[in-house]
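Have a go at each one before you read on.

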Amino acid sequence: MLFAHGYGCDQNMWRLMTPAFEDEYKIVLFDHVGAGDSDLGSFSRSRYATLDGYAKDVLEICSDLNLENVVFVGHSVSAMIGVLAAIVEPGRFDQLVLIGPSPYYLNDGDYRGGYSRDDIDGLLDFLDRNHLGWSTTMAPVIMGNPDRPELSAELANSFCRTEPEIAKHFARVTFLSDNRADLPKLKTPSLILQCAEDVIAPLPVGQYVHRHLKNSSLALMKATGHCPHLSAPEETVALTKRGLAQFESERKSMEV
Amino acid sequence: MNPQLIDESARLYDAAPCGYVSTLADGTIVSVNKTLLDWIGYVREDLISCKRMQDLFTTPGKIFYETHYAPLLHMQGFVREVAVDLICKGRPPLPVLINSARQNGRADGSVLIHSAFFNATDRLRYESSLLNARRDLEGEVKKRTAELEAEISERKRAEGNLRELTSKLLRLRDDEQRRLARELHDSVGQMLAALRMNLAIIENESGNLTPQAAAALSENARWTSEISAEIRTISHLLHPPLLDEVGLTSALTWYVDGLAVRAGMKINLEISPQLARLPEEQELAIFRIVQECLTNVHRHSRSKTAAVRLVSLPESIRVEVEDQGTGILPEMLAELRSFGSGVGFRGMRERARQLGGNLDIASNMHGTIVTATFPRS
């Protein structure tokens with residue numbers, strides 16, 4: 001199981017969810033470039049100009065670690081990153097678990113992504129006022145000592161520590177990417193976990209994703225907000241397990 | 001507790017110089033103080049149980065709440081110093097700083113989040129002036145960087161042009177020298193040979209001449225031979241035929257022996273026995289480089305000795321020309337090394353570069369050594 005965190009924080013987001021799968025699966029966690037303990041030197045504006053660059057990272061992780069029959073769990077923007085990766089290498093992935101996916105965050109005609117271009121520009125300005133967990137004096141110390149986590153603990157909000165320029169770039173790519181046309185290209189079965197009252201990825205967006213992904217199922221959650229794996233880990237785990245089991249039995253019946 | 005104290009703490013809660021909000025885990029407001037209500041222009045009934053804290057934020061703050069604030073609260077139990085704007089009734093948004101902390105272990109098992117809001121209007125004002133200053137500066141840096149980059153690429157282009165021109169010149173000179181050498185050998189050389197044959201016929205009849213005429217005739221014959229030899233040397237220096245016919249080793253041996261005699265120098269030539277024939281353009285380049293170096297040694301170094309070494313390595317061929325002369329002045333050496341100024345040196349360097357090799361020069365008051373390396377093609 002390969003877990004990909006969304007825009008905002010880092011792989012720590014998965015810590016309430018992964019223990020439930022450790023017995024049955026090999027768990028692979030990573031930080032996107034710019035987040036957590038990633039190597040900032042690997043960042044390149046051109047490589048990460050679209051979500052394809054992030055999808056390439058996912059595929060490189062898979063090939064470097066020789067991962068096969070991958071269950072990809074992606075939150076928020078990483079749900080779309082997983083979809084893009086599975087379109088490029090369908091043979092690599094068994095199933096995708098998409099938590100709060102959205103192919104496009106802006107409103108466009110009948111499509112209601114939820115936001116306007118002005119909202120996103122406002123967000124980019126807003127980020128300049130909130131460089132969470134990032135101070136230019138501490139950052140080099142932390143980045144140079146990945147083996148001494150106590151250093152980063154000295155900074156409040158360090159789970160959302162992201163190099164500010166990369167954070168803004170990631171926000172721009174996340175919220176302005178339109179990947180609606182990619183959805184029908186996915187062949188891998190997928191489970192969509194849709195929260196109640198998610199302002200980032202509202203229900204109509206989840207339904208849109210479900211309609212355009214062949215072989216997908218939509219699970220409506222009781223959990224509210226955008227991060228059910230943190231706010232309601234039990235429900236998230238249970239729905240994921242049910243989805244995986246269902247997929248497994250379908251595959252067995254196909255084989256028979 | 002003393003009822004008076006309870007009263008006092010309730011008054012303090014409501015009248016505190018900061019806003020207080022307590023919410024459930026999902027943000028639903030369960031209590032709010034009067035300071036905050038006054039700031040945003042709402043009454044308690046507007047908020048309690050029907051609004052979540054994040055509903056009070058402007059859109060960027062709402063997104064930020066879901067992507068950063070809520071996850072942080074879950075993961076570390078507190079959030080510090082987040083700057084958001086609050087939506088106010090009939091007034092522009094109010095910038096505040098928020099600290100939040102989670103209260104676990106309540107009797108009924110529920111979780112409460114307590115948040116304190118600080119008015120950050122002034123702070124935001126100078127922060128944004130700082131931010132604007134930073135953006136201006138960054139813009140200035142970007143602009144200057146772009147200008148510098150343009151300058152660098154223009155300079156690179158000019159350097160490229162110069163190199164191209166140099167290599168074109170070298171090629172032209174090689175071709176021209178080859179043509180001149182052939183012309184001298186074929187036409188002038190042949191005419192001189194014919195002249196010598198005629199003179200020999202006349203010399204056979206010299207008994208019929210006056211003694212003065214016979215002496216002049218034999219002098220003419222000697223002159224003709226010398227001119228022939230001179231023309232042959234000039235022709236071969238322009239382009240040694242041995243280079244095409246037998247190869248670099250013979251051509252260099254011939255050249256070094258000739259120069260040693262002409263210049264009165266002692267030149268030691270060492271060629272790796274393993275060195276087989278090289279591609280034509282490589283042999284020509286090496287020959288020209290050795291020729292140029294030895295000419296420089298002869299003209300400038302005041303050295304009476306020189307050594308030429310051709311070393312055959314598995315991956316490359318190294319050419320060294322060394323003298324024991326007075327050396328090159330440091331400032332001139334620096335210029336040679338960085339820009340390759342001086343037509344001769346630039347030409348050598350260009351010849352090496354064209355064949356994927358490189359050329360370096362080292363010098364002190366005891367002598368100079370030029371080293372050129374060519375990869376095996």
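**Exercise 1.** Start from Ala4(A): which residue in β3(A) is its bridge partner? Then follow the pairing on into β4(A).

*Solution.* The model you're looking at is a predicted one.
- Step 1: Ala4(A) has Gly74(A) as its bridge partner in β3(A). That link belongs to the pairing of β1 (residues 2–4) of chain A with β3(A), which run parallel and are joined by three bridges.
- Step 2: Now look towards β4(A), where Leu98(A) stands opposite Gly74(A).
- Step 3: To get from β3(A) to β4(A), the chain passes through helix α2 (residues 77–88) of chain A, in a right-handed β-α-β crossover.
- Step 4: β3 (residues 70–75) and β4 (residues 93–99) of chain A pair in the parallel sense, over six bridges. Val70(A) and Phe93(A) are bridge partners in this pairing.

**Exercise 2.** Work out in what order the six strands of the open sheet in chain A are arranged, and why one side of β2 and β8 is left without a neighbour.

*Solution.* 
- Step 1: Reading across, the order is β2-β1-β3-β4-β7-β8, with parallel pairing.
- Step 2: β2 (28–30) and β8 (216–224) of chain A are at the edges and have a single partner strand each, so one side of each has no neighbour in the sheet.
- Step 3: On average, neighbouring strands of this sheet are turned by 20 degrees against each other, ignoring direction.
- Step 4: Next, find helix α9 (residues 233–255) of chain A. This helix lies across β3, β4, β7 (190–196) and β8 of chain A, and runs at about 165 degrees to β8(A).

**Exercise 3.** Decide how many of the residues of β3(A) are buried, and which way they point.

*Solution.* 
- Step 1: Six of the six residues of β3(A) are buried.
- Step 2: Val70(A), Phe72(A) and Gly74(A) point one way, while Val71(A), Val73(A) and His75(A) point the other way.
- Step 3: Phe72(A) turns up again in the largest nonpolar core, which has 88 residues; Phe72(A) is among the members that touch the most others, and so is Tyr69(B).
- Step 4: Over in chain B, Tyr69(B) contacts Phe64(B), Val79(B) and Val82(B), leaving aside its neighbours within four places in sequence.
- Step 5: Another core, of 28 residues, lies apart from that one and includes Leu243(B) and Phe345(B).

**Exercise 4.** Find out how many residues of chain A are in contact with chain B.

*Solution.* 
- Step 1: 25 residues of chain A contact 23 residues of chain B.
- Step 2: On the chain A side, α3(A) gives the most, with six residues.
- Step 3: Sorted by class, that side has 13 nonpolar, nine polar and three charged residues.

Conventions: Residues numbered from 1 in each chain as written. Chains lettered and ligands numbered in written order. Predicted model: local features only at pLDDT ≥ 70, side-chain atom pairs only at ≥ 80, totals over all residues. Contact = placed C-beta atoms within 7 Å. Helix = DSSP H or I, 4+ residues; strand = E, 2+ residues; numbered from the N terminus. Nonpolar A, V, L, I, M, F, W, Y, C, P; charged D, E, K, R; others polar. Core = buried A, V, L, I, M, F, W, Y, C linked by C-beta atoms within 7 Å. Buried ≥ 20, exposed ≤ 12 C-beta atoms within 10 Å, placed from the backbone. Pairing = 2+ DSSP bridges. Axes fitted to C-alpha atoms, helices over the stretch in contact; angles between N-to-C directions. Right-handed = clockwise from strand over helix to strand, strands pointing away.
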